[in-house]
Each structure stands twice: as C-alpha cells, then as structure tokens.
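Below are some numbered remarks on the model, meant to be read with the coordinates open. They begin with the overall fold and end with single residues.

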Amino acid sequence: MRYWLFKSEPDAWSWDDQVAKGDAGEEWDGVRNYQARNMMREMAAGDRGFFYHSQTEKAVVGIVEVIAEAHPDSTADDPKWDCVDLKAVRPFARPVTLAKIKAEPRLSEMALVRRPRLSVQPVTEEEWRIVCAMGETEP
DNA sequence: GCCAACGTTGGC
DNA sequence: GCCAACGTTGGC
C-alpha cells in the first residue's frame with residue numbers, strides 16, 4: 001500500500017463534505033495538472049491519503065482511502081484528465097498544521113514542504129507514521 | 001492583499 | 001524548440 005496527500009480549499013471541498021459522502025465516496029475531480037494527475041494514475045484501490053485543508057486552515061485534518069482507481073474526470077471537457085474516487089476513513093484527533101510539519105526536522109523532505117503548490121502528492125511510509133503520531137491518530 | 005513559485009500558452 | 005508573457009496557487 002502506498003500513501004498520498006490530497007489538498008483542498010475547504011471553501012470548495014472540505015473534510016466535512018467528504019465525510020458526508022460516506023462509504024460511497026466521491027470523485028477527486030477538478031485536477032488540471034499533469035503531475036497531480038500522474039500521481040492519481042499510480043494509485044491503487046486501498047491506498048491511503050491525508051486530507052489537507054489549504055488556505056485558511058493549512059492542516060492535515062483526516063485520512064481518506066482510494067476506492068476507485070484512475071478513470072476519466074466527469075467534470076473535464078478533455079478526456080486526458082483522470083481522477084480517483086476517495087472516501088473518508090477517519091478524522092485526525094488533532095489536526096496537524098503546516099507550521100508543525102515545517103517545525104519537525106524529520107518531515108523536512110515532505111512534498112508539502114518542498115513542493116507546496118502540488119495538489120496531489122506522494123507521502124512516504126515514514127512520513128505517514130510521523131504525521132499520524134503528531135495528530136494522535138491511528139495510521 | 002501581496003507576492004513568489006511555477007505551470008501553461010503562444011509567438012517566433 | 002525556445003522563451004517571454006501570463007495565469008494560478010497558496011503561504012504569509
């Protein structure tokens with residue numbers, strides 16, 4: 001299993017919106033960036049990801065699971081854009097802020113720190129465990 | 001609200 | 001194929 005991070009502006013699509021979709025989940029649509037799309041094409045069903053709120057909150061707030069592998073994005077005009085489907089797994093007991101991530105030396109190589117604008121990112125297993133521990137949440 | 005980073009577009 | 005111009009993102 002691999003790990004990822006999905007970034008969303010909470011005004012557009014928030015953790016609560018994701019939770020409201022239940023086990024049926026929802027397309028992670030709207031991605032129009034090749035690198036982010038290519039990440040989604042590498043995902044397998046069962047992979048886990050962090051749900052990150054950008055802009056106002058800037059924190060990892062929950063864990064999601066990939067429930068459908070890459071398929072055409074129903075909101076795209078051009079068939080070259082794919083997306084996966086995600087469902088909420090559990091919220092973080094304590095959201096882990098970007099400031100805390102930047103303050104943790106073991107997370108200095110995280111894509112979130114290195115490539116802040118990429119909206120879908122890979123996360124290593126070690127980074128996954130560290131961030132879950134910081135959030136007092138079961139990995 | 002500003003600005004830096006960076007991806008995309010389009011003219012040559 | 002290069003590169004300048006432009007648009008978007010996201011942290012501060």
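1. Chain A contains 5 helices and 6 strands, where helices (H or I, at least four residues) and strands (E, at least two) are DSSP runs numbered from the N terminus. Read from the N terminus, the order of elements in chain A is β-α-β-α-β-β-β-α-α-β-α.

2. This is a predicted model, in which local features need pLDDT of at least 70 and side-chain atom pairs count only at pLDDT 80 or more, while totals for chains, interfaces and linings use all residues. Residues are numbered from 1 along each chain as its sequence is written, and chains are lettered from A and ligands numbered from 1 in the order in which they are written.

3. For 139 residues a compact globule would have a radius of gyration near 14 Å, and chain A agrees with its 14 Å. That radius is taken over C-alpha atoms, and the globule rule is 2.2 Å times the number of residues to the power 0.38. The C-alpha trace of chain A spans about 40 × 30 × 30 Å along its principal axes.

4. Of the 139 residues in chain A, 34% are buried. A residue is buried if 20 or more other C-beta atoms lie within 10 Å of its own, exposed if 12 or fewer, and partly exposed in between, with C-beta atoms placed from the backbone. Among contacts in chain A with a separation of 6 or more, 69% are between residues 24 or more positions apart; a contact requires C-beta atoms, placed from the backbone, within 7 Å.

5. An unreviewed UniProt entry annotates residues 2-134 as "domain: EVE". UniProt positions are given in the numbering used here, feature names are shortened, and such annotations may be inferred rather than shown by experiment. Over residues 2-134 the chain is 26% helix and 36% strand, with 20 Å between the end C-alpha atoms.

6. The 6 strands make an open sheet of mixed pairing, ordered β2-β5-β4-β3-β1-β6. The edges are β2 (26-27) and β6 (120-123); each has a single partner strand, so one side of each lacks a neighbour in the sheet. Two strands pair if DSSP finds at least two bridges between them. β2 pairs with β5 (residues 82-97) in the antiparallel sense over 2 bridges, and E27 is opposite D85 in β5.

7. Which way do the residues of β1 point? Y3, L5 and K7 point one way and W4, F6 and S8 the other, and all are buried. In a regular strand the side chains alternate between the two faces of the sheet. β1 runs parallel to β3, joined by 6 bridges, with F51 in β3 as the bridge partner of F6. β1 runs antiparallel to β6, joined by 4 bridges, with P122 in β6 as the partner of W4.

8. Around DNA strand C are K7, E9, S54, Q55, K58, L98, P116, R117 and S119. A residue counts as near a strand if its C-beta atom, placed from the backbone, lies within 6 Å of it.

9. K58 has a positive phi of about 50° although it is not a glycine. K58 sits in the loop between β3 (48-53) and β4 (59-72) and is partly exposed because it has 16 C-beta neighbours inside 10 Å. E136, also not a glycine, has a positive phi of about 55°. E136 lies after α5 (125-134) and, with 10 C-beta neighbours inside 10 Å, is exposed.

Conventions:
Two residues are in contact if their C-beta atoms, placed from the backbone, lie within 7 Å.
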